[in-house]
Structures are given as structure tokens and as C-alpha cells.
Amino acid sequence: MDKICIVGFGRIGSVIGSYLAENKNNIVYGIDQNKNIINNFKHNINIFKEPGLQLKVKRALKNKRLYLTNNFNIISKCKYIIICVGTPLIKNSQKIDTSYLKNSFDKIKKYLNK
């Protein structure tokens, strides 16, 4: 069974994670620093206007193929890590803000396996 970690369980990560969790050979761990996102999904509150997403997440949670947390140490159990954090444009610029990405790497690196 493959264990997959989705770092950033927002608009993109939640869709990817919920689809991967449909495969019975996968266990997916969704990590997000925003506790509201995690709690809303756990309490079946639809926060993104993505048709069918809430049902997929609910089903995956019920079937214990998806676990949601804000704790990065779960990464040490995973074979794959998919990073889905935001990279917004810097205001009045054509450059992207990579601070979310850098912050995620800093939190992930101490839990990586070979």
C-alpha cells in the first residue's frame, strides 16, 4: 500500500488527494497549516466550489484512505510527497511569491526518508 502526502490541502491539493484516495492501494495524508480547512473538511463543510469534492473527501475519510492533519511529522511515513501550496503573484509585480513553498520545504526536510 502506497502512502502519499499532500502538502497544502486547499483548492488543488484537496482535489488531487481525494482522487488518489479513491484507489484502494493508496493511503493519503492531507496536510495544511490552515486548521480551518482541515476542520471544515472533517465536519463536511463545503469550502470550495468544486463539484463532487466534498463527497469524495467524506467518502475517503470514512473509508480510512484519507487522513487530514496540520502535523508535518506524518511525512516520515510516506513514500510520495506532493506539494500543492500557493505561489501567488507579488502585488504590482510579475514575480511569484515563493515564501509558501520555501516554508513548506523547511518543514518537510526534517521528516524526509532516503
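A residue is called buried when its relative accessible area is under 20%, exposed when it is over 50%, and partly exposed in between, with a 1.4 Å probe and protein chains only. By that scale K79, at 57% relative accessibility, counts as exposed.

The model is predicted: local features need pLDDT of at least 70, side-chain atom pairs count only at pLDDT 80 or more, and totals for chains, interfaces and linings use all residues. Residues are numbered from 1 along each chain as its sequence is written, and side-chain values use heavy atoms, with hydrogens and water left out.

The chain holds 4 helices and 4 strands. Here helices (H or I, at least four residues) and strands (E, at least two) are DSSP runs, numbered from the N terminus. Read from the N terminus on, the order of the elements is β-α-β-α-α-β-β-α. The radius of gyration of the chain is 14 Å, close to the 13 Å that the globule rule gives for 114 residues, so the chain is as compact as a globular protein of that length. That radius is taken over C-alpha atoms, and the globule rule is 2.2 Å times the number of residues to the power 0.38. Along the principal axes, the C-alpha atoms fill a box of roughly 45 × 40 × 20 Å. Of the 114 residues in the chain, 33% are buried.

Charged contacts come next. Side chains of opposite charge can pair when their charged atoms come close. A salt bridge is counted when a side-chain nitrogen of Lys or Arg lies within 4 Å of a carboxyl oxygen of Asp or Glu, and a search of the whole structure finds 3 of them. One of these joins the side chains of K79 and D2, at 3.8 Å from N to O. K79 lies in the loop between β3 and β4 and D2 in strand β1 (residues 2–7), so the pair ties together parts that are 77 residues apart in sequence. D2 is partly exposed, because its relative accessibility is 26%.

Another salt bridge joins K56 and E22, at 2.4 Å from N to O. This pair also links distant parts of the chain: K56 is in helix α3 and E22 in the loop between α1 (11–20) and β2, 34 residues apart. K56 has 17% relative accessibility and therefore counts as buried, whereas E22, at 35%, is partly exposed. K56 has a further contact, lying over the face of Y19 at 4.3 Å from the ring centre. For such a contact, NZ of Lys or CZ of Arg must be within 6 Å of the ring centre and within 35 degrees of the ring normal.

The side chains of D106 and K109 form a salt bridge as well, at 3.6 Å from N to O. D106 is partly exposed at 45%, and K109 is exposed at 54%.

A pair of aromatic rings is described by the distance of the centres and the angle of the planes. Rings of Phe, Tyr and Trp (its six-membered ring) pair if their centres lie within 6.5 Å; planes under 30 degrees apart count as stacked, over 60 as edge-to-face and the rest as tilted. By this rule there are 3 aromatic pairs. The ring centres of Y29 and Y67 are 5.6 Å apart and their planes stand at 25°, so this pair is stacked. Y29 lies in strand β2 (residues 26–31) and Y67 in strand β3 (residues 66–69), so the pair ties together parts that are 38 residues apart in sequence. Y29 is buried at 10% relative accessibility, while Y67 is partly exposed at 34%. For F41 and F48 the centres are 6.1 Å apart and the planes at 45°, so the pair is tilted.

Two asparagines stand out by backbone angle. N44 has a positive phi of about 60° although it is not a glycine; N44 sits in the loop between α2 (35–42) and α3 (53–62) and is partly exposed at 38% relative accessibility. N92 likewise has a positive phi, near 60°. N92 lies in the loop between β4 and α4 (99–108) and is exposed at 78%.
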